[in-house]
Amino acid sequence: MLNRIKEVVVIANNPATDALTKKQALDYLESLKNDAGSVEVLASLLVDNSLDDLTLFVILQLIGDMIGTTITNVNNMNEIVLIKGSVISLLRRIIENNLANPEYIRNKISELVTKIFYFTYGDVNNNVWSSFFNDIIPILCIDALLTSNIETIMNNQVSFSEVGYDFFTRICISINSEIADQTFLRSKEVQVINNHLKDYMRITDVNTMTLIWYNGLLHFKNKIALEGQHVKTNASKLANLTLACIGNYISWINVTLIVNQNYIDVIYSFMDYNTTKIACSQCLIEIISKKMKPLEKLQLLNMLNLTEKLITNKEKNFTDNEDLEIIEQLAKLTSCVGLEYSIILEQCNENNSNNNNNSSSNNSNNNNGLSTTDADQNLDQIAVTADQQILTEVAPLVLKFFIHEYDSVTEQCFDFISQYLNFLKKIFAIGGKPGTAISINSKKQPLDQEHSSFLVSLINGIFKKMKIDSDTVDVDDDSIQEFNDTIRSKLKNFQDVIAIINPNLYLEQISNNITACLSAKYWPDMELAIFQMHNLSESIRNNLFGLNKSDISTSPATAVMGKFLHILLTSSNLFSIDNRYVQILFFELVVRHYTFLTPEIRDELSLLNIFCSEFGMFNRVEKVRVRVWYLFTRFIKTTKPKLSTVVLTQIVSKISPLLVIEPVQLNANGSEDLNNVTFDNQLYIFEGVGLLIGANSDYNYDILDQVLTPLFTELEKCISTQSQTLNQQNQHVILQSHHILMAVGTIARGTHIGLVPENQVNNALVNEKYIHKSLIEKFSNIAEVVLVTFSYFNKHETIRDASRFTFARLIPILNNGIVSYANKLIYLFLESELKVIELNDFLGFLGQMLHTFHQDESFYKLFDELLTIIIEKIHILLDQLDTENNDGYNLTSASNSGAKDSNMSGKTVVVTDSFRDRILLKKAYYTFLQTLVTNNVTSLLLTQRNRSVLPTILTDLLEYSPQEIQETYIMKLALSVIHNFIKCFGSGACTDNLDRHANEVGKLDGLNEFFITKTIPLMFEIPFKPEYKFDIKDGSCRVMACDISRILKELCIQSGGQDITSNPALKYLTEIYFPQIQLPSEISLELIQALVNQDMKPFEKYFVSLITRLTT
């Protein structure tokens, strides 16, 4: 077996082994974990001198996995003892031969020793191996570190195994990870065991461990000094491991074991060596982060005096050439000191508040109130001391790190700055939106000079770090975005808090910064100026200044912002800078914050001219161009300028080169190049031009011809080209035609929004008031152009989409004048070979037409002619999907080719693409039918022309496969349509009082009987048939049950009232259906009585409870 395991390990780790053989090898190794008999074999392998490192690692891994699973009960403690003996033998062999095992082997051995420790150490493990540390120390040959005196150690005369010491520190670190690491969530039972182990270690062994660490540090300090501090020797590695041990254990051992002058001096000494400085800093961070009461923490920090040590260390070693990682760690340590002082301040502030809140309630029990007052004074003194330490010692050092050229160093300071600013906000804040928690809870103490100086230094540091340093930052989009997300966003938050603490200080400093940057000619300065103008504007809009809402527009901050905007717009420096970040940020600022310009200097025309310049829309950089095209339209929508025809003509002439749709670039496969974003962004220009034309002050719309005529000419060329190529597809021509139609539709939308208030675009009366007759003629011409284009290209999906898009934009403008054009368009669509998604969109388009023109007589007649054709078109596609699916929507046959989709709680449905398309089409279909109800035109279904298709529609609503029943969202829609149909014409006649044609369509004989015989069985099958998997506990199913109850109640009402003998629905239930399904007579009678006597809402509750009773 021994040889077999060795062979398997070699096979499993050989790259040349095939996948099947490798799997078999891994399975064999996995099987060993479940074989208790393999423990002895594996343990014996540990002492096999011939093992290579890889095999040893695998053996260690296997044994480690087994401990904690198969051999941790009391009966198998012998196996753990057996493993313990093998591990000790392995360690002895390594120590005696001074073997330099790879680090991964040392770590794995340490993990295994830790697992043995976990199940044998302490009274919680019946003291199986409570002498663990006393035994392991001599095994590792490091007992000399316990017995030697300080002088011997200092003189490097102590003899111990450095290999053994390495294992000791790794075992200590591993034990801490197992029993004390808070990173991992553990069960309550495991946590109890861990606490017992920690308690036992505190009592018996922690003193020994800390003494070994101390003496080890003394030894390695002298050795590093002799070997050289810049070379990473074995001594420095072991010192780093020791410091890691101290940092790990300090959170749960007696702090005085570490925090004493001798121990701290030794730890501090490793700050002098580059190879140990990082580990030393991390250790100190853990020490000062130990949770304590405010006074104890203050005493600890004062005793450590870290800031003095850091300043001294900085003067000796901290240079620009020092390792960046070291600088980052020193910055983190400094910030951590400040953070702990800030936490002291926070705790004192909270305790003071609690004492103040409790003082009145305790007054009757404490006549003189001395204890509360003394406590308050003591806390105040602690807070004052901590605050002074921050201001005089910590903050100056933190701010030096804060403005370091590398952002990774700056980031280390964020925690302290955030914590301290939050404290200052609670004490000094006079800003913040009135009524918010910040404004209410602040003590609003006057800002003293020391804190004011700190805030000024901090905000100036923020300004410095906000600036893009093109020398150190790779000026590309990704790096700038990362800089904005990770650095600038946080700096802006700090800046905002300063604004809340003292608005006047913030306004003065940011004004000085913006002024200085505006006068500079270097692009990062201008970019920062504009960025800070954004920030100032946002702080005003968010009312960080704490003003009454009515005072914001007249505040000094608003005036300052308006002044800066005016300076920017008249700056020659700005327009001479050729940088994309400056240019985009400028236009973003103008669009969002132009309202800060006072009415006297606000000039939309000048701003539009800037947009239309080479600085903006004609910029040489594509990214700037396309962004400004979008911002151009945003600006027009925001400002709604009303330009005269003369001015408007000049603007349109300026941007006319941008209104030319360039020939489409195709990929090798004949599709449009997705990387070409020009056209999609070009649509913004067309919309903007439409907005300007629609809002022109002269109400002259002839300029539309100047924009549309070139497009129509180009469209004619496309049609001509397509005609000349006969039936051959010319993808260039098709895509070009699509782009032109989209541009025309976008112009129409822009013109409409420019004319009519945006929230009234679908109001027919408002449209009629605003839309001029000449405009109607022009848009009627557009409708004709669309129809002509569509008739030539109706085989192409892209043209169909563009035609529908454009027509939808013409509907509110032409109003009922669209009907004659819509007639042709709809017929053309119905003659086309539509895909499912197209038909879905087309049905939505028809629904929009119905909603808009449901009161128009000509439109009613149009839909009377088209309804049957529309339903037939839907059925053609449904039949195609059924054929493609090959009954795939049936659950059993779909399971081989489908993808899983969970739609109901506890149900997993297997679907195919065809089934999913069918469901989406039915959703659009039922939504269209629902539109007939909501717009009061259900009489369309009862006209002589459409009566023949009504049974098909009702059958579609009343027949489902089991899988379709489980698509609850479509079923809820279907049940709603059924309920509304029964309500509108369930009796056979149209009873919708709001339907203008209800009286014109006669009663359809047999319709009520159809509803009764087809609807009632389905309403009972859905909740009770097992294959439908209806779960009344599921929320969606419960809603469906309520819908079914409403259908039954409505059907009863429409069938003639409460008399069972004369009501055909009740008669069918009692005489035919209930006996057919063998429903018990008492339940049958109960259900009929509830159906007859209860109103809609009580019957809903009854029916849900009935389903619950019968299905549970």
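Modeller: Accessible areas come from the Shrake-Rupley method with a 1.4 Å probe, and for residues only the protein chains shown count as cover. By that method the chain exposes about 49600 Å². Carbon and sulfur atoms supply 49% of this area. A caution: this is a predicted model, where local features need pLDDT of at least 70, side-chain atom pairs count only at pLDDT 80 or more, and totals for chains, interfaces and linings use all residues. Residues are numbered from 1 along each chain as its sequence is written, and side-chain values use heavy atoms, with hydrogens and water left out.

Biologist: Why is the chain called more spread out than a compact globule?

Modeller: First, its make-up: 51 helices and 2 strands. These are DSSP runs, numbered from the N terminus (helices: H or I, at least four residues; strands: E, at least two). The radius of gyration, taken over C-alpha atoms, is set against the globule rule, 2.2 Å times the number of residues to the power 0.38. For 1112 residues the rule gives 32 Å, but the chain has 41 Å, well over that, so it is more spread out than a compact globule. Along its principal axes the C-alpha trace spans about 115 × 85 × 85 Å.

Biologist: What makes Val744 count as buried?

Modeller: Buried means under 20% relative accessible area, exposed over 50%, and partly exposed in between (1.4 Å probe, protein chains only). Val744 has 2% relative accessibility, so Val744 counts as buried. Its place is in helix α35, residues 731-755.

Biologist: Which residues does Val744 touch, leaving out those up to four places away in sequence?

Modeller: A contact means heavy atoms within 4.5 Å. Val744 touches Leu708, Leu711, Phe712, Ile782 and Thr806. Take Leu711: it lies 33 residues from Val744 along the chain, yet their C-alpha atoms are separated by 7.8 Å.

Biologist: What makes a set of residues a nonpolar core?

Modeller: The members are buried Ala, Val, Leu, Ile, Met, Phe, Trp, Tyr and Cys residues, joined through side-chain atoms within 4.5 Å. The largest such core here has 387 residues, and Leu957 and Phe981 are among those with the most contacts inside it. Helix α19 (residues 370-402) gives the most to this core, with 13 residues. Leu957 touches Phe981, and also Tyr926 and Leu1018, among others.

Biologist: How do you know where the domains lie?

Modeller: Their bounds come from an automatic or database domain assignment. The assignment gives domain 1 (1-90), domain 2 (121-289), domain 3 (603-833) and domain 4 (934-1111). The centres of domain 2 and domain 4, taken over C-alpha atoms, are 78 Å apart.
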